[in-house]
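I opened this structure for the first time today and kept notes as I went. The entries follow the order in which I looked things up.

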Amino acid sequence: MALKILSALTLLAGAVQAQSVTGNAFGTYVNVAGIVSQSPVASLPSTGGMATGQADAFSVAGAVDGRWLNAVTTGAVDNKKTGAQSTSEVENVSAAGGAITADIVTAVATSYFGQFTGGNDATGSGFTNLVVNGVPVTTDVAPNTQVALPGVGYAVLNEQVPSGDGVTSWGMTVNMIHVVLQDALTGLTTGEVIIGSASSSVSR
Amino acid sequence: MNKGRHLSLALGAIAAILVAVACQDTASSPGSITAGGFPPPKGGGGCANFRLTGGGRIDQRDHLGFAKSTPESHDFATFGFQARPTSACPPTDGSGNLEWQEHNPAEFGGGFSFHGTVTFFTTTNDETAGDSRCGRFGGFGRVKTRDGQTFDNVPFEVRHACDVDEPGVGNDHIAITIGVYSRHGILSGGNIQQHRLTGNI
């Protein structure tokens, strides 16, 4: 009898331990010709908890300028409910030499298991007073909107990359501004700039 | 020897108190956010046998809607937290952390960032009292305003954080007080989850 109880408890513990969460968030990432600069990253432990990364300002000349960078990720593993949610924000944003500006860039990535179902979403992500190539964008930006940046390359705005199999795992990565730098003559990619990145995932 | 040691400890304790008072004085002139000098309320809530995690965004200032505010208003806040009770209850001690970002330039300091450390965790005692999906926690933290001010030892209280359903958007809601700043609303992004205490945050 005692052995059966012990076996059941071991199986239960195994079921809980098999679950995991991930979460990452950061304000800015710049890779120009292989030289990488990045603001503080918040990385969630696989067993859950909370992590943060903040900076009052971040600047790489000609690539990105931003203030009040804030990255937070939280989550927990539980055999009833498991979830991870990450948020990244940057204010007073200027990217690609001023081709893209915004008062606030906000990325939110949420992944979860409830008792009976799971899911992921990027709801809550958005721009406040976005301007692209000198033109104000007054409506919500659809996921994965690509815009040309003459002389720079192109940008994907509100980039959303879901992951997981939708049954035992769910995940979401959101990059609010993803600039791909291209050589003006060859068109080859020479670097990238990411502003407002949040990701999360759950699995069991 | 012992007398000398005792005197040294006593002087050290007095010095620590003076430093603490000085720190509180330094942080006690923050305009509409009151800092230092009094603890956040611990009474009123009951023992809780769960923990909470959450993060996301709220825009509307009521429990009626969760649409995003207009871009020109900057009127929204984002947050992240983990909180749990830490001892057999009573007492209602708690642990955890909270980050809160208020973006509205009309709020204190032109908007602010807040980092708090949780010291208590209970069931709720406001309009959500009796709702087993909700928890209450609070403690102290640091406010950094957009206009360059910093205030330490500011009390905060999450009056309720409620895990109503999945997904959290349009369902879960949170109400917070930081000093005399207050905001509550339904999540327009993110999630709040209630977990068993057997977890490991």
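**Entry 1: terms and ground rules**

I began with strands: helices (H or I, at least four residues) and strands (E, at least two) are DSSP runs, numbered from the N terminus. Two strands pair if DSSP finds at least two bridges between them.

I noted that this is a predicted model, where local features need pLDDT of at least 70, side-chain atom pairs count only at pLDDT 80 or more, and totals for chains, interfaces and linings use all residues. Residues are numbered from 1 along each chain as its sequence is written, while chains are lettered from A and ligands numbered from 1 in the order in which they are written.

**Entry 2: the hairpin of β6 and β7 in chain A**

I looked up β6 (82–95) and β7 (100–113) of chain A. They form a hairpin with 4 residues between them. Their pairing is antiparallel and runs over 13 bridges. I picked out one pair: A:Glu91 has A:Ile104 of β7(A) as its bridge partner.

Then I went to the turn. A:Ala96 sits in the loop between β6 and β7 of chain A. Its phi is near 55°, which is positive although A:Ala96 is not glycine. Is A:Ala96 buried or exposed? I used this scale: a residue is buried if 20 or more other C-beta atoms lie within 10 Å of its own, exposed if 12 or fewer, and partly exposed in between, with C-beta atoms placed from the backbone. A:Ala96 is buried, because 24 other C-beta atoms lie within 10 Å.

Which strand forms a hairpin with β7(A), with 4 residues between them? I found β8(A) there. β7(A) and β8(A) pair in the antiparallel sense over 4 bridges. A:Phe113 stands opposite A:Gly118 of β8(A).

β9(A) also runs antiparallel to β7(A), and 3 bridges join them. A:Ile104 has A:Thr128 of β9(A) as a bridge partner.

**Entry 3: where chain A meets chain B**

How many residues does each chain bring to the contact? I read 37 from chain A and 34 from chain B. Two residues are in contact if their C-beta atoms, placed from the backbone, lie within 7 Å.

On the chain A side, β4 (48–60), β5 (64–76), β6, β7, β8 (118–121) and β9 (126–128) each supply at least two residues. β5(A) gives the most, with 7 residues. By class, I found 8 nonpolar, 23 polar and 6 charged residues on that side of chain A. In this count Ala, Val, Leu, Ile, Met, Phe, Trp, Tyr, Cys and Pro are nonpolar, Asp, Glu, Lys and Arg are charged, and the others, Gly among them, are polar.

**Entry 4: the barrel of chain B**

I turned to chain B. Here 8 strands close into a barrel, in the order β1-β2-β3-β4-β5-β6-β7-β8, with antiparallel pairing. The twist averages 30° from one strand to the next. For such angles, axes are lines fitted to C-alpha atoms, for helices over the stretch in contact, and angles run from 0 to 180 degrees between N-to-C directions.

I checked one pair of neighbours. Strand β3 (residues 94–102) and strand β4 (residues 112–122) of chain B pair over 6 bridges. B:Glu102 has B:Phe112 of β4(B) as its bridge partner.

B:Gly94 lies in strand β3 of chain B. It counts as buried because it has 25 C-beta neighbours inside 10 Å. B:Gly94 and B:Ala83 are 11 residues apart in sequence, and their C-alpha atoms are 7.0 Å apart. Beyond four places in sequence, B:Gly94 touches several residues, including B:Ala83, B:Val118 and B:Phe137.

B:Asn153 is in strand β6 of chain B. Its phi is positive, about 60°, although B:Asn153 is not a glycine. B:Asn153 is partly exposed, because 18 other C-beta atoms lie within 10 Å.

Last, I looked up two cis peptide bonds. The bond from B:Cys89 to B:Pro90 is cis, with omega near -10°. B:Pro90 lies in the loop between β2 (77–85) and β3 of chain B. The bond from B:Glu166 to B:Pro167 is cis as well, with omega near -5°. I found B:Pro167 in the loop between β6 (150–162) and β7 (173–178) of chain B.
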